[in-house]
Amino acid sequence: AAGGFTVLLRRIVGGFTSPPTLGLPWVALAFGIAVIAAVDVANRTGLIGRWAGIVGRLGLVVAVLAVVPLGNSAGGFVVALVPLGLAATAVLLLPSHERARFPWRNSRHGSGEKAPPQALPLPREADAISDAPRPAGFRQRFERFQSAKEGDRVIGRLIVDVPEGSRTGHAHLGFCPPFTAVPTVDVTSIDDSIEAVVTAAEVVPWGVRVECRLAEPAEEPLAIPVDVIASHPA
């Protein structure tokens with residue numbers, strides 16, 4: 001795009017001593033299409049944004065326009081307009097991976113492409129961790145939520161067992177698939193009748209070890225419910 005605008009500006013101010021040849025627009029067209037193809041590949045892999053494809057197509061039209069021979073015969077001028085028309089057509093054609101980002105095109109034109117899944121809003125912790133009665137044998141229940149705005153989150157509850165006569169108990173929660181990095185983990189005991197310090201003793205991308213430490217040894221086996229929230233930003 002920068003090259004096309006530079007050549008066009010230089011031609012406007014009289015920087016060309018003679019009209020371009022008839023083949024030069026075709027050379028500019030071929031080179032521009034190669035650049036746009038590379039840009040689209042980079043866009044598909046997520047290296048650059050969609051704006052690069054738009055700017056590249058605009059630059060292609062400007063570059064071809066800058067080298068259209070105006071001083072040749074009328075027939076030659078008409079022939080030279082063919083690559084300009086092809087360049088303009090390239091601007092209107094978006095590759096399939098970019099068309100798929102517009103779900104309204106699928107509904108109106110019936111292209112057959114599946115619209116991208118819509119991100120659901122993340123629930124509040126109070127909604128995700130229910131205080132409903134737990135069935136017998138309950139050990140843990142977790143839900144995972146992902147969104148471009150909130151990131152990756154695991155929310156739920158597990159039971160930490162403390163044996164009789166012991167002051168500590170441990171429970172383990174695995175993350176599958178693992179987080180992309182070490183998440184932030186918040187743990188809270190919801191049993192106010194038990195004086196215990198609850199911590200995330202060890203946190204790794206693929207799991208967390210939850211520890212409950214009592215002030216005094218347990219007089220009987222305890223099952224302490226603990227709320228866990230693991231999160232990693234987008």
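Student: Which helices each supply at least two residues of the lining of the largest pocket?

Tutor: Rolling a probe the size of a water molecule over the atoms shows where empty space is left. In this predicted model, the helices α1 (2-12), α2 (24-44) and α3 (50-66) each give at least two residues to the lining of the largest pocket. The largest share comes from α2, with seven residues.

Student: How many residues line the largest pocket, and which lie nearest its centre?

Tutor: The lining has 17 residues, and A1, F31, G32, G59 and A63 are the ones nearest the centre. The space in this pocket is about 270 Å³.

Student: What classes of residue make up the lining of the largest pocket?

Tutor: Twelve are nonpolar and five are polar, while no charged residues take part.

Student: Now the strands. In what order do the four strands of the open sheet lie?

Tutor: Strands of a sheet pair through backbone hydrogen bonds, either parallel or antiparallel. Here the order is β1-β2-β7-β4, and the pairing is antiparallel.

Student: Why is one side of β1 and of β4 left without a neighbour in the sheet?

Tutor: β1 (140-147) and β4 (184-189) are at the edges and have a single partner strand each, so one side of each has no neighbour in the sheet. On average, neighbouring strands of this sheet are turned by 20° against each other, direction ignored.

Student: How many bridges join β1 and β2?

Tutor: Eight bridges pair β1 with β2 (residues 151-162) in the antiparallel sense. For F145, the bridge partner in β2 is R153.

Definitions and conventions:
Residues are numbered from 1 along each chain as its sequence is written. This is a predicted model: local features need pLDDT of at least 70, side-chain atom pairs count only at pLDDT 80 or more; totals for chains, interfaces and linings use all residues. Side-chain values use heavy atoms; hydrogens and water are left out. On a 1 Å grid over the protein atoms alone, a cavity is a set of points where a 1.4 Å probe fits but cannot get out, and a pocket is an open set with protein on both sides within 12 Å along at least five of seven lines; lining residues have an atom within 4 Å of a point. Grid points are joined across faces, edges and corners, and a volume is the space filled by probe spheres set on the points. Ala, Val, Leu, Ile, Met, Phe, Trp, Tyr, Cys and Pro count as nonpolar, Asp, Glu, Lys and Arg as charged, and the others, Gly among them, as polar. Two strands pair if DSSP finds at least two bridges between them. Axes are lines fitted to C-alpha atoms, for helices over the stretch in contact, and angles run from 0 to 180 degrees between N-to-C directions.
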